[in-house]
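Please keep the sequence and the model at hand while reading.

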Amino acid sequence: MNFLIGAFKPPCNVSIIFADGRTRKQVPLKKDNGQIIMVPLFQSQESIIGEVVIEPLQGKKLEHTGVKIELLGQIELYFDRGNFYDFTSLVRELDVPGELYERKTYRFEFSTVEMPYESYNGVNVRLRYILKVTIGRNIVSNIAECQDFVVRNYTPLPSINNSIKMEVGIEDCLHIEFEYSKNKYHLKDVIIGKIYFLLVRIKIKTMELEIRRRESTGSGPNTYVETETLAKYELMDGAPVRGESIPVRLFLSPYELTPTYRNINNKFSVKYYLNLVLVDEEDRRYFKQQEITVYRLLETP
């Protein structure tokens with residue numbers, strides 16, 4: 001039995017090492033098994049350089065039909081699990097067919113790689129970047145080793161950022177105006193606004209502001225939409241009267257937001273909404289929802 005277990009063990013150890021791995025910023029990444037690992041962070045147009053080390057097990061000869069490394073950007077939809085859509089695929093051949101008897105190091109470089117989309121791990125979709133080393137073999141299966149890394153892309157401050165002004169009304173019962181100072185927010189921003197009560201003839205019990213994320217995947221009959229409420233912020237407790245105004249000040253940094261993603265590779269979108277909720281004394285709920293744009297601002301060290 002021990003012999004059989006040994007027969008399926010790969011005859012070598014494979015390591016993928018980033019050249020600037022010690023100095024480059026590391027960020028957490030959740031694996032399929034729920035484990036959190038730290039991986040290097042890159043942005044589009046950076047070069048990805050490093051080494052692949054192949055070390056045959058002691059006393060073993062490794063025959064191969066060639067060694068290659070691939071840089072892959074992949075989208076996986078969970079209703080189609082196991083099928084990866086490659087939107088980036090670059091290959092470097094590291095070795096011609098031959099035999100390995102001892103540890104060998106191969107240098108690799110992918111120069112100024114275009115990585116247009118950010119890494120994303122959502123409810124129904126995952127977008128990931130990996131380095132994949134494949135050692136080809138003739139009769140037995142190939143040996144493959146993967147190394148994840150994360151990509152984040154940054155947006156400059158928008159030149160135009162209009163305020164949001166909206167009204168909520170129930171004829172002859174309620175009339176509210178609310179405004180937010182802008183409609184585009186970076187991930188560490190603050191939502192600042194004000195709510196004005198112009199007409200109040202129903203007894204409002206509470207009012208809160210929600211941040212909602214809507215992830216839509218697939219297309220046509222295979223479209224899946226998931227809405228998550230990421231934050232609930234109570235603005236008011238008790239009944240307001242006409243003429244009152246309530247300030248809004250909601251910090252985004254405590255919440256795990258991503259930028260807004262619009263139609264990524266025709267596979268998925270992620271949008272954010274501010275949802276104003278009013279509850280009256282009979283527990284009836286009144287909503288007003290407004291889409292906002294979220295972007296990633298380059299953080300100063």
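The points below treat the domains, their interface, one hairpin and the salt bridges.

1. Basis. This is a predicted model, in which local features need pLDDT of at least 70 and side-chain atom pairs count only at pLDDT 80 or more, while totals for chains, interfaces and linings use all residues. Residues are numbered from 1 along each chain as its sequence is written, and side-chain values use heavy atoms, with hydrogens and water left out.

2. Domains. The domain assignment gives domain 1 (12–151) and domain 2 (164–295); such bounds come from an automatic or database assignment. Their centres, taken over C-alpha atoms, are 41 Å apart. To the contact (heavy atoms within 4.5 Å), domain 1 contributes 14 residues and domain 2 contributes 16 residues.

3. Interface. About 1300 Å² is buried between domain 1 and domain 2, and carbon and sulfur atoms give 71% of this area. Buried area is the accessible area (1.4 Å probe) that two parts lose on being put together, summed over both. On the side of domain 1 that touches domain 2, strand S6 (66–77), strand S7 (84–95) and strand S11 (125–136) each supply at least two residues. Strands are DSSP runs of E, at least two residues long, numbered from the N terminus.

4. S6 and S7 run antiparallel and are joined by ten bridges; two strands pair if DSSP finds at least two bridges between them. Leucine 71 lies opposite leucine 90 in S7. Six residues stand between the strands of this hairpin, where glycine 82 takes a positive phi near 100°.

5. Salt bridges. Aspartate 148 forms a salt bridge with lysine 31, with the closest N and O atoms 3.6 Å apart. This pair links distant parts of the chain, 117 residues apart: aspartate 148 is in strand S12 (residues 143–151), and lysine 31 is in the loop between strand S2 (26–30) and strand S3 (36–42).

Technical notes:
Helices (H or I, at least four residues) and strands (E, at least two) are DSSP runs, numbered from the N terminus. A salt bridge is a side-chain nitrogen of Lys or Arg within 4 Å of a carboxyl oxygen of Asp or Glu.
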